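Opening the notebook for a quick pass through this one.

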Amino acid sequence: MNDKIWRVGDIVEPAVHGRSQASFVPGSSGWYIVYVAGGDSRATMALERRGYTVYRPMVQRWVPVKRRGGLRADRTQSKLRKGKVWRKPEPTLQRISVPLYPQYVFVAIDPRRGTWWDLTEIPGVAAVIRHNSSEVVRLADDVISCMKGIEERGTLDEAKPAKTLKPKAGTKIRVVSGPFASLAGLVVNGGDPVTVICEVFVFGGSTPVSMPLDHIEVLA
């Protein structure tokens, strides 16, 4: 029998049943694919506030910056047209980060704290992806690690377009890059400031195809 009298300040070993368990390593039990609604950021924050580990792969894209319009801008362009040939200015581009898989995030769950079913009760979570409507899809940590490596290296980041001036509708072009390389085509209306819609003869007929400006050259 231990006759030691314990005093305040004595250092004692915690009881075995009171020792903390090993910390959870995110991804050690796999990653669930979660479909979110109402914005990726909103659902991500809601999940993280509840202690879940969330991975949302991002990529870099170039988008045009909207120019200031209005009556003053119209008058300025009108004066330029009277004095000399007016050319539409090249659009200004800015680089932004966008989700690689919009409306999807990957979530790691500590099995000691709950199950995948608990995710469905979180605001912004619409569904947990299943296979054959019954088996929940769970990705191995190696898959997510590979995706993180691709994101860090910028493998899927979009290069800044070298060309930003679009040819007019009716202009004859040749495709110089991409799956339609070497085909001739005709520019038609449509597309955003950094892409062009061209009709190329493919699949047995004239087909409209959207492609980056860098993928075409104007024929004389």
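Is threonine 195 buried or exposed? I looked it up, keeping in mind that this is a predicted model. Threonine 195 comes out at 16% relative accessibility, and since buried means under 20%, that is why it counts as buried. I find threonine 195 in strand S12, residues 195–202. Beyond four places in sequence, threonine 195 touches Lys166, Ser210, Met211, Pro212 and Leu213.

Cores next. The largest nonpolar core has 16 residues, and I noted Val34, Leu47, Tyr52, Val105, Val107, Leu119 and Ile122 as those with the most contacts inside it. Strand S1 (31–36), helix H1 (40–49), strand S5 (104–108) and strand S6 (125–128) each put at least two residues into this core. Apart from it I found another core of twelve residues, Val175, Phe180, Val187 and Met211 among them.

Then H1. Which of its residues are buried? I get Asp40, Ala43, Thr44, Ala46 and Leu47. They cover an arc of only 165° around the axis, so they sit on the same side of H1. The buried residues of H1 pack against S1, strand S2 (53–55), strand S4 (93–99), S5 and S6. Just after H1, I see glycine 51 with a positive phi of about 90°.

On to the rings. I count four aromatic pairs. Tyrosine 101 and phenylalanine 106 have ring centres 6.2 Å apart and planes at 80°, so I log the pair as edge-to-face. Tyrosine 101 is partly exposed at 38% relative accessible area, whereas phenylalanine 106 is buried at 6%. Tryptophan 116 and tryptophan 117 make an edge-to-face pair, 5.4 Å centre to centre with 80° between the planes. Both are partly exposed: tryptophan 116 at 21% and tryptophan 117 at 47%. Ring pairs also link Tyr55, Tyr101 and Phe106 into a cluster. I find lysine 148 over the face of tyrosine 55, 5.3 Å from the ring centre.

Last entry: glutamate 158. I place it in the loop between helix H3 (141–153) and strand S10 (172–175). Glutamate 158 is partly exposed, at 32% relative accessibility. Glutamate 158 and valine 59 are 99 residues apart in sequence, yet 7.8 Å apart C-alpha to C-alpha. Setting aside neighbours within four places, glutamate 158 contacts Gln60, Arg61 and Trp62.

Methods:
Residues are numbered from 1 along each chain as its sequence is written. This is a predicted model: local features need pLDDT of at least 70, side-chain atom pairs count only at pLDDT 80 or more; totals for chains, interfaces and linings use all residues. Side-chain values use heavy atoms; hydrogens and water are left out. Helices (H or I, at least four residues) and strands (E, at least two) are DSSP runs, numbered from the N terminus. Buried means under 20% relative accessible area, exposed over 50%, partly exposed in between (1.4 Å probe, protein chains only). Contact means heavy atoms within 4.5 Å. A nonpolar core is a set of buried Ala, Val, Leu, Ile, Met, Phe, Trp, Tyr and Cys residues joined through side-chain atoms within 4.5 Å. The arc is that of the directions from the helix axis to the C-beta atoms. Rings of Phe, Tyr and Trp (its six-membered ring) pair if their centres lie within 6.5 Å; planes under 30 degrees apart count as stacked, over 60 as edge-to-face and the rest as tilted. A charge sits over a ring if NZ of Lys or CZ of Arg is within 6 Å of the ring centre and within 35 degrees of the ring normal.
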